[in-house]
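Please go through the structure below with the text beside it.

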Amino acid sequence: MASNTLTPSTSTSTSSASEEELTLTVKWSGKEYTVRVCGDDTVGELKRRICELTNVLPNRQKLLYPKVGSKLADDSLLLSQLPLKSSLKMTMIGTTEEDIIVDPVESPEIVDDFEIGQEEAVDIKDKEVNKQKLRRRINQYKIELQNPCRKGKKLLVLDIDYTLFDHRSTAENPLELMRPYLHEFLTSVYSEYDIMIWSATSMKWINLKMGQLGVLDNPNYKITALLDHLAMITVQSSSRGVFDCKPLGLIWAHFPEFYNATNTIMFDDLRRNFVMNPQNGLTIKPFRKAHANRDSDQELVKLTQYLMAIAELDDLSSLNHNNWEFFTEDSAKRRRHT
Ligand SMILES: [Mg+2]
């Protein structure tokens with residue numbers, strides 16, 4: 001698989017004008033920051049780059065630039081469509097999270113999932129422009145290990161919002177919003193899987209939330225790494241426009257001796273997050289309305305059984321995770337013996 005061959009040091013040669021690098025100066029809070037982007041990046045990606053430097057979350061940024069006006073409010077617009085010049089300065093207005101201690105509010109589009117047709121999904125994964133974006137992200141994003149990778153273990157990548165935690169309900173204690181059996185689930189699967197957590201929010205929020213739930217210092221399992229929204233890439237689909245996704249190729253490129261397409265599985269309530277690696281994604285039923293569903297939600301119990309049943313298989317990507325509920329111990333045995 002092509003994405004397996006990518007490494008953090010891959011050099012990139014660009015030819016088309018849209019792939020040309022732009023160096024922009026952004027003024028914020030009395031300081032100037034230099035941001036490097038490409039013509040085929042969107043305004044949304046520009047805001048992510050600015051967020052890396054300033055800690056102002058993309059949805060809290062307002063960008064001002066002569067003559068471009070309201071276009072910078074449209075995150076889906078490509079930078080090559082704007083008359084940006086390296087000599088001009090952009091101004092950003094926005095407040096960092098340190099100054100606003102409230103839960104991050106997602107835009108409604110992030111809540112609704114949508115299906116992307118099989119053919120189009122293949123197209124997105126194989127598009128050169130998207131592979132290029134992935135290579136850039138591999139070079140830019142550093143994955144800090146919380147705990148060492150373990151030889152011979154498979155990799156489980158977990159989303160947070162609606163997968164492990166109901167971030168939309170309110171409670172006195174965040175533990176009330178935790179998906180039932182979370183610690184039991186992590187404890188069991190840790191015997192066969194290294195665990196990474198990847199959320200489309202900020203690292204600050206991920207640390208805060210996972211810390212409150214007791215996931216980061218649990219004596220029964222260890223988390224290998226945390227990844228945030230800056231590790232995501234933006235892709236374009238003809239039917240659904242621009243959206244962000246979580247390319248596992250980023251992890252595989254950083255730890256090729258441990259993880260690859262055959263031993264990785266990712267849980268997310270949004271199927272589109274898997275678009276760069278559809279064979280590795282399992283769409284989990286969203287955990288919403290925690291107060292009403294806390295006593296009945298059994299997803300993590302059932303998924304523990306599934307993960308343990310498939311753990312001995314050599315190639316997880318040959319499975320169709322859409323049918324995970326129908327998978328049995330017997331079919332794992334059959335697969336091992338063929
Ligand atoms: Mg989610």
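**Sheet and helix packing**

Four strands make up an open sheet with mixed pairing, in the order 2-1-4-3. Strands (E, at least two residues) and helices (H or I, at least four) are DSSP runs numbered from the N terminus, and two strands pair if DSSP finds at least two bridges between them. Strand 2 (31-38) and strand 3 (62-64) are at the edges with a single partner strand each, so one side of each has no neighbour in the sheet. From one strand to the next, the twist averages 35°.

This is a predicted model, in which local features need pLDDT of at least 70 and side-chain atom pairs count only at pLDDT 80 or more, while totals for chains, interfaces and linings use all residues. Residue numbers start from 1 along each chain as its sequence is written.

Strand 1 (residues 21-28) and strand 4 (residues 89-93) run parallel and are joined by three bridges. Lys27 has Thr91 in strand 4 as its bridge partner. Helix 1 (residues 43-54) packs on the sheet, where it touches strand 1, strand 2 and strand 4, and its direction makes about 140° with that of strand 2. Axes are lines fitted to C-alpha atoms, for helices over the stretch in contact, and angles between N-to-C directions run from 0 to 180 degrees. Contact requires C-beta atoms, placed from the backbone, to lie within 7 Å.

Elsewhere, the axes of helix 5 (residues 182-189) and helix 9 (residues 299-310) come within 9 Å and cross at roughly 5°. Helix 5 is therefore roughly parallel to helix 9, a label for angles under 35 degrees. Helix 5 contributes Leu182, Phe185, Ser188 and Val189 to the contact, and helix 9 contributes Leu300, Leu303, Thr304, Leu307 and Met308.

Methods:
Two residues are in contact if their C-beta atoms, placed from the backbone, lie within 7 Å. Angles under 35 degrees count as roughly parallel, over 145 as roughly antiparallel, 65 to 115 as roughly perpendicular and the rest as oblique.
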